[in-house]
Amino acid sequence: MTGTAPTNPFAGAARLTDYWATVYRRTWKGSAVSSFVSPLFYVVAMGVLLGGFIDADPDRLEGATSYLAFIAPGLLASQAMTTVFGETTYPVMSMVKWQRTYYSMTASPLSVGEVILSQLGFVVVRVAMSCGVFLLVMAPFGVFTSWTGALAAFPVQLLLALAFATPVLGLSAGLKDESPFALIYRLGLIPLFLFSGAFFPVANLDGWMQVLAKATPLWHGVDLTRMLTLGRLDWSMAAVHVLYLVALAALGWCWAVRRLTRRMVL
Amino acid sequence: MILASGLRKSFGSFEAVRGIDVDVRRGESFGFLGPNGAGKSSTMRMVAAVSPVSGGTLRILGLDPATDGPEIRARIGVCPQEDTLDTELTVRDNLVVYGRYFGLPRAEVRERADELLEFVQLTDKAGAKVEDLSGGMKRRLTIARSLVNRPELLLLDEPTTGLDPQARHVVWDRLFRLKQQGVTLVLTTHYMDEAEQLTDRLVVMDKGLIVAEGSPLALIAEHSTREVAELRFGVAEEGESHEVLARKVEDLAERVEVLPDRLLLYTADGEETVAQVHERGLTPVATLVRRSTLEDVFLRLTGRTLVD
Ligand SMILES: Nc1ncnc2c1ncn2[C@@H]1O[C@H](COP(=O)(O)OP(=O)(O)O)[C@@H](O)[C@H]1O
Ligand SMILES: [Mg+2]
């Protein structure tokens, strides 16, 4: 019994399940803390304590009846984004340069595309776990208008995860070393986190600042999540958000496969 | 198993492999011998179906790597020059996880992993992290990993480079066993002793080209003499350069090579040649008579030494 070539890319990607499971077993303790404890801290500090000083006027909070209800979906989407960055920056550099794990994977019947596909699968599972925990943590605070809205917000986080994961993975796959990551966090992740409508309505931003905020993937994720958890769904806007995120994920996918292939297949 | 004709590999305008013909048959142990930069790894990566061919044709197991890469990779084993072990996983996990890439059932892979750990004498390290292994152990683990899919063809790129002599011998012993089990081995090396010990047939590569081909013995017979007398001269004779000394003895041997630190006299009977050197009133501080090796073949064909 020698090996076999996979019959389709998903079957190929599935062969890496044991690899990711092994990685997860090694790292779950650290990630469990960050996906349970830090959301709780944020909800308590910002939503409950800071929110206590904020006079919640639904007209000025996109329809939220409390600051907590306003900020919770923003924190949820931010959690999805942060998890993705954690999984697709340093780990990708490690696999392409430090440990060269990608090279051992593609020495087998698997291709670069299948390897990326499996890694995206892993990222989505990680986001599903951390956002799942987040939703459970937030539920007792009574921030969800409807359970259906909260449930619908869950798959949105997975889509948002893919929309971030493909371009960030592509970016990391082509970097020579890890030094740009610090910049990517400071000038990418943190401004996105602060200015994409998670903490305040982007309507508060002036002119081009607002346009810029609305162009970010996180804003599309936050706005869609918030519509759902507040039960104030605007179908046409929701469609725009979904299309934006799907398009970004698809473009990012092509870019990531191309960049990693260029780097590895010489 | 491998059939290459006019095989080329270029990186931009640089040609690393410049048209080579190779035919490796089932069950044989085949070597690429050449110095650093000869194009051995570039060739191996094309054969492993991870690097596209730039020119010529290449068939592995009768398949074309351009269209059947996954199928080829499913049936071969690869031990790359640079380690690609996951150092944060355990020894055993490295094998099990890798076996799964080949579509093998989990139970079978586990069983195979234990068998292979036994084979490469790492059973008692099964639970250790790879980062705690010595260089020789890592190499053996990489070899074990390359065998997890019971490959029809095993590619080894410089299997013992960077290992200390004792670790090298352990690796050689394992590879020799594989050879005896009938596994088709293809290895690259810049150690002539490795090529002599492990290969049935080899090609000598230099600057992207094959400069000779044959069994180690046939190559030596064809391109060198039976014995070599090595002469080292001390400071007393330094007044005379090696070139001058070489001219004084050139009629005593079939061929004389001048190296920075010694003269090599190629001759059928080394002891006799040394005696004749002394008769001429020359007094080398050290003499050594030895059999010709592939190193001498390489020196003859390229004018350079393999390792420097
Ligand atoms: N990816 C690459 N890009 C550019 N040049 C390369 C690349 N890989 C190898 N080379 C060059 O090709 C030549 C042959 O390299 P290689 O096949 O690794 O030789 P060997 O394995 O015999 O030492 C060397 O001069 C090396 O610098
Ligand atoms: Mg090499």
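Me: What volume does the largest pocket have?
Reply: About 900 Å³. Bear in mind that this is a predicted model.

Me: Which residues are closest to the centre of that pocket?
Reply: A:Y103, A:M264, B:R45, B:V50 and B:S51, out of 39 residues that line the largest pocket.

Me: And which elements give two or more residues to its lining?
Reply: On chain A, α5 and α11 (235-264) do. On chain B the elements are α1, α2 (65-75), β5 and β6 (153-157).

Me: Which one has the largest share of the pocket lining?
Reply: That's α2(B), with five residues.

Me: How does the pocket lining split by class?
Reply: There are 23 nonpolar residues, nine polar and seven charged in the lining of the largest pocket.

Me: OK, cavities now. How many of 30 Å³ or more are there?
Reply: One. The largest cavity holds about 60 Å³ of space.

Me: Which residues line the largest cavity?
Reply: From chain A you get A:Y19, A:T101 and A:S104. Chain B brings B:T84, B:D86, B:L89, B:N94, B:V97, B:Y98, B:Y101 and B:R145. The elements giving two or more residues to that lining are α5 (101-106) of chain A and α3 of chain B.

Me: How many nonpolar, polar and charged residues in the cavity lining?
Reply: Five nonpolar, four polar and two charged.

Me: Switching to the metal. What coordinates the magnesium ion (ligand 2)?
Reply: B:S41 through OG and B:Q81 through OE1, at 2.0 to 2.2 Å. The two come from distant parts of the chain, 40 residues apart. B:S41 is in helix α1 (residues 40-47) of chain B, while B:Q81 is in the loop between β5 (76-79) and α3 (91-101).

Me: Now the aromatics. How many aromatic pairs over all chains?
Reply: The structure holds 13. One of them is A:Y67 with A:F70, a stacked pair at 6.1 Å centre to centre and 25 degrees between the planes.

Me: Why does that count as stacked?
Reply: Because planes under 30 degrees apart count as stacked, and the planes of A:Y67 and A:F70 are at 25 degrees.

Me: Where do A:Y67 and A:F70 lie?
Reply: Both are in helix α3 (residues 67-88) of chain A, three residues apart, which is about one turn of the helix. A:Y67 counts as buried at 6% relative accessibility, and A:F70 is buried with a relative accessible area of 0%.

Me: What about B:F30 and B:F32, stacked or edge-to-face?
Reply: Edge-to-face: their centres are 5.5 Å apart, with 75 degrees between the planes. B:F30 counts as buried at 0% relative accessibility, and B:F32 does at 3%.

Me: Last one: which residues form one aromatic cluster?
Reply: A:F85, A:Y90, A:F164, A:F181 and A:Y185.

Definitions and conventions: Residues numbered from 1 in each chain as written. Chains lettered and ligands numbered in written order. Predicted model: local features only at pLDDT ≥ 70, side-chain atom pairs only at ≥ 80, totals over all residues. Heavy atoms only, no water. Donors = N, O, S within 2.8 Å, 3.2 Å for Na, K, Ca; no water. Helix = DSSP H or I, 4+ residues; strand = E, 2+ residues; numbered from the N terminus. 1 Å grid on protein atoms, 1.4 Å probe; cavity = no way out; pocket = protein on both sides within 12 Å on 5 of 7 lines; lining within 4 Å. Points joined across faces, edges and corners; volume = space filled by probe spheres on them. Nonpolar A, V, L, I, M, F, W, Y, C, P; charged D, E, K, R; others polar. Phe/Tyr/Trp six-rings, centres within 6.5 Å; stacked < 30°, edge-to-face > 60°. Buried < 20%, exposed > 50% of the residue type's maximum accessible area, 1.4 Å probe, protein only.
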